[in-house]
Amino acid sequence: MKRIFLAILISMLTVASLVYPQTEDQYEPIPPAKSSQGKIGGGGGYTPGWLFMDLDRLNETIVAAGGTPFDGGRLMMQGGQGYAYLLLVQNLRIGGMGMSGTRSASRIELATNTRRDVELSVGYGGVTLEYTIPVVPRLDVTIGTVLGGGGISLTIRRDQGSAKTWEDIWGEVGSTQAATEFSRKLEGSFFAYQPSVTVELAVLRWLGIRAGVGYLGMAGGSWKLDDNYELLGVPDDINAKGWMINTGLYLGTFIY
């Protein structure tokens, strides 16, 4: 999953480099009045956000297994987005984006010196389709959606909580005793979609900022254990659905 999001991020930065204005004139003119002509150009940049998930069902499972539940459902997400306007359809643009975030919870039982860790990771990416509505010069409202794929992964670890050394690790590999420490990875893949409404401000001809709200939805899906085995019986309400607050800092060509 990380390789997919890295490839998406690289493609977004490539779009930004192609649309970044190459000019020696640093003078920033006052934008002309809004006209009937459609917007042109494009941009790309960094898009942080916050995903608000429902973790009640997952926390119940973690507590039953002796772990520490996650405090609240907020997850910091980071990624990139790039887009370009389609000249055939006024104010319509297409692009791509990818975002991911990780958080963890740990517990150590002093009586047995046992440590239990749960690491939660969420990521998604896909094609963006957006329609821009100019409000006043420099200020736009954009309505759009993301269509693609996403997933949630849970890495579960249990060990004795002591310091690890090279000799100890290889000694455990060659030991004939039953293992008391383990690490498992549970990963679910879904079809992802995210409708959103965003307010965008062109600070300069080549610099823009944005903020908006959306909803990350996930449908269908299948689960795997340790990247090899099909995992059955996962509750339907363990997923990454939730409302999102998105922001962004973009470089590109912002022409009115």
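User: Which residues make the nonpolar surface patch of about 660 Å²?

Analyst: Happy to start there, with a word on the source. This is a predicted model, in which local features need pLDDT of at least 70, side-chain atom pairs count only at pLDDT 80 or more, and totals for chains, interfaces and linings use all residues. Residues are numbered from 1 along each chain as its sequence is written, and side-chain values use heavy atoms, with hydrogens and water left out. Patches are made of residues with over 30% relative accessible area and no salt bridge; like charges are joined within 9 Å and nonpolar side chains (Val, Leu, Ile, Met, Phe, Trp, Tyr) within 5 Å. A salt bridge is a side-chain nitrogen of Lys or Arg within 4 Å of a carboxyl oxygen of Asp or Glu. Areas come from the Shrake-Rupley method with a 1.4 Å probe, and for residues only the protein chains shown count as cover. Here the patch is made by Tyr46, Trp50, Phe52, Met76, Val213, Trp243 and Ile245. Strand S2 (49-53) and strand S10 (242-254) are the elements giving two or more residues to this nonpolar patch.

User: Is isoleucine 245 buried, exposed or partly exposed?

Analyst: Buried means under 20% relative accessible area, exposed over 50%, and partly exposed in between (1.4 Å probe, protein chains only). Isoleucine 245, placed in strand S10, counts as partly exposed because its relative accessibility is 40%.

User: Which residues have the most contacts inside the largest nonpolar core?

Analyst: A nonpolar core is a set of buried Ala, Val, Leu, Ile, Met, Phe, Trp, Tyr and Cys residues joined through side-chain atoms within 4.5 Å. The largest one has 28 residues, and those with the most contacts inside it are Leu51, Met53, Phe70, Met77, Leu120, Val122 and Tyr124. Elements giving two or more residues to this core include helix H2 (56-64), strand S7 (182-204) and strand S8 (207-225). A second, separate core of five residues includes Tyr83, Tyr85, Tyr250 and Phe254. Tyr83, Tyr85 and Tyr250 also form one aromatic cluster.

User: What does phenylalanine 70 contact, leaving aside its neighbours within four places in sequence?

Analyst: Contact means heavy atoms within 4.5 Å. With those neighbours left aside, phenylalanine 70 is in contact with Leu55, Leu58, Asn59, Ile62, Arg103, Ser104, Ala105, Val118 and Leu120. For the protein, residues 24 or more positions apart account for 76% of the contacts with a separation of 6 or more.

User: Where is glycine 101 placed?

Analyst: Glycine 101 is in strand S4 and counts as buried, at 8% relative accessibility. Not counting residues up to four places away in sequence, glycine 101 touches Leu75, Met76, Met77, Leu120, Ser121 and Val122. From C-alpha to C-alpha, glycine 101 and tryptophan 50 are 9.1 Å apart in space, yet 51 residues apart in sequence.

User: How many aromatic pairs does a search of the whole structure find?

Analyst: A pair of aromatic rings is described by the distance of the centres and the angle of the planes. Rings of Phe, Tyr and Trp (its six-membered ring) pair if their centres lie within 6.5 Å; planes under 30 degrees apart count as stacked, over 60 as edge-to-face and the rest as tilted. The search finds six pairs. One of them is tilted: tryptophan 166 and tryptophan 170, at 5.9 Å centre to centre and 55 degrees between the planes. These two tryptophans are separated by about one helical turn because they are four residues apart in helix H3 (residues 166-174). Tryptophan 166 is exposed at 63%, and tryptophan 170 is exposed at 52%. The pair of tyrosine 215 and tryptophan 243 is edge-to-face, because the ring centres are 5.2 Å apart and the planes are at 70 degrees. Tyrosine 215 lies in strand S8 and tryptophan 243 in strand S10, so this pair ties together parts that are 28 residues apart in sequence.

User: What is the phi of asparagine 91?

Analyst: Most residues other than glycine have a negative phi. Asparagine 91 has a positive phi of about 65 degrees although it is not a glycine. Asparagine 91 is found in the loop between strand S3 (74-85) and strand S4 (92-109), and is buried, with a relative accessible area of 5%.
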